[in-house]
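Please keep the 3D view open as you read.

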Number of protein chains: 2
Amino acid sequence: MVPKIQPVERCDCEVIHEDTVKRVQEKMPLEENLYDLAELFKVFGDTTRIKILWALDEAEMCVCDIAVLLKMTQSAISHQLRLLKQADLVKSRREGKIVYYSLEDEHVRQIFDQGLIHISEEKE
Amino acid sequence: MVPKIQPVERCDCEVIHEDTVKRVQEKMPLEENLYDLAELFKVFGDTTRIKILWALDEAEMCVCDIAVLLKMTQSAISHQLRLLKQADLVKSRREGKIVYYSLEDEHVRQIFDQGLIHISEEKE
DNA sequence: TAAACATATGAATAATTGTTCATATGTTCA
DNA sequence: TGAACATATGAACAATTATTCATATGTTTA
């Protein structure tokens with residue numbers, strides 16, 4: 001197999017649109033920021049985590065409550081809560097044996113709500 | 001191995017929090033809606049697609065322009081554009097050989113912006 | 001201190017998914 | 001019509017990831 005020198009495929013229309021491409025290229029945010037943004041949405045992009053976030057928006061809850069609510073194992077919930085916490089979407093406080101989780105802040109709800117709006121309009 | 005009868009682990013604290021759990025359970029949205037919401041965010045949860053969305057927010061662009069801009073193959077971009085279109089996040093119009101893509105509506109930008117706000121506050 | 005409870009976590013597995021490669025479809029123009 | 005261009009797509013592969021299982025950590029209480 002012939003090794004590929006140029007991973008970027010040029011095309012005629014890129015010449016036509018040279019100005020646009022160049023302009024957009026210059027405004028391009030740092031790779032890192034776009035990466036972080038994708039990572040954030042990735043956390044929302046799982047049914048289990050969405051359910052957890054929804055539940056925590058209704059009430060502060062402990063791990064086993066969530067497990068019962070979602071009919072899933074304590075372990076699965078705990079793993080997901082860890083991801084949610086790492087993404088700063090939820091916080092926790094310990095009260096004896098029990099660890100209570102709740103939403104970190106208003107953003108979570110706002111991102112959530114925007115998503116719901118899109119979903120509902122999509123179905124029209 | 002003993003077969004598992006009860007996938008749901010009960011616990012003492014669930015008894016303590018019975019009211020809360022019951023109340024939240026009753027307000028629980030349809031499984032389908034939460035699933036759709038997760039699917040929506042999943043689309044945002046990939047660096048390539050985030051970059052595409054960002055680019056299309058700057059300007060309407062054709063497939064090969066995006067490929068050049070992101071230094072990726074035309075095929076990879078085309079596959080991702082299909083997903084974005086299926087999720088109603090982008091739309092396309094053909095002009096001869098060239099297919100131009102653009103953002104579907106304002107929601108996309110709003111969801112995007114909410115995410116950026118969260119990211120930026122996270123770093124403080 | 002031992003037992004019971006609540007939670008956390010490492011390893012393994014199964015499922016999902018992004019990219020590549022090859023190729024098909026659709027369009028223009030000579 | 002045929003060649004070149006722009007895009008779309010199926011199949012395969014590699015990488016990621018959600019859940020399970022087993023077990024560890026941390027807390028209370030008898």
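Around DNA strand D there are 30 residues, and the closest of them are A:Thr48, A:Ser75, A:Gln80, B:Ser75 and B:Tyr101; a residue is near a strand if one of its heavy atoms lies within 4 Å of it. Of the atoms of DNA strand D that come within 4 Å of the protein, sugar and phosphate account for 65%. A word on ground rules: this is a predicted model, in which local features need pLDDT of at least 70 and side-chain atom pairs count only at pLDDT 80 or more, while totals for chains, interfaces and linings use all residues. Residues are numbered from 1 along each chain as its sequence is written, chains are lettered from A and ligands numbered from 1 in the order in which they are written, and side-chain values use heavy atoms, with hydrogens and water left out.

Now for individual atoms at DNA strand D. The polar contacts here are pairs of N or O atoms within 3.5 Å; within protein, one must be able to donate a hydrogen and the other to accept it, and residues adjacent in sequence count only if both atoms are side-chain atoms. B:Cys64 uses a backbone N or O atom, which lies 2.9 Å from a phosphate oxygen of DNA strand D. The elements giving two or more residues to this surface are helix 1, helix 4 and helix 6 of chain A, together with helix 5 (63-70), helix 6 and strand 3 (98-103) of chain B. Helices (H or I, at least four residues) and strands (E, at least two) are DSSP runs, numbered from the N terminus. By class, the residues near DNA strand D divide into eleven nonpolar, ten polar and nine charged; Ala, Val, Leu, Ile, Met, Phe, Trp, Tyr, Cys and Pro count as nonpolar, Asp, Glu, Lys and Arg as charged, and the others, Gly among them, as polar.

Turn next to DNA strand C. It is surrounded by 30 residues, the closest being A:Ser75, A:Tyr101, B:Thr48, B:Ser75 and B:Gln80. Sugar and phosphate make up 66% of the atoms of DNA strand C that come within 4 Å of the protein. A polar side-chain atom of A:Gln74 sits 2.9 Å from a base nitrogen of DNA strand C, while A:Tyr101 and a phosphate oxygen of DNA strand C are 2.7 Å apart, again through a polar side-chain atom.

What does the meeting of the two protein chains look like? Chain A gives 69 residues to the contact and chain B gives 69 residues, where contact means heavy atoms within 4.5 Å. The two chains bury about 6100 Å² between them, 69% of it on carbon and sulfur atoms; buried area is the accessible area (1.4 Å probe) that two parts lose on being put together, summed over both. In chain A, A:Phe41, A:Trp54 and A:His118 lose the most area to chain B, together 11% of what that side buries.

One of the salt bridges joins A:Glu31 and B:Lys51 (3.0 Å, N to O). Another salt bridge pairs B:Glu58 with A:Lys27 (2.8 Å, N to O), running from helix 4 of chain B to helix 2 of chain A.

Finally, how do the copies relate? Chain A can be laid on chain B with an RMSD of 0.1 Å by a turn of 180° and a shift of 0.0 Å along the axis, superposed by least squares on the C-alpha atoms of residues with pLDDT of at least 70 in both. That is the relation of a two-fold axis. The same surface serves both copies, as 100% of the contact residues of chain A recur in chain B.

Methods. Salt bridge = Lys/Arg side-chain N within 4 Å of Asp/Glu carboxyl O.
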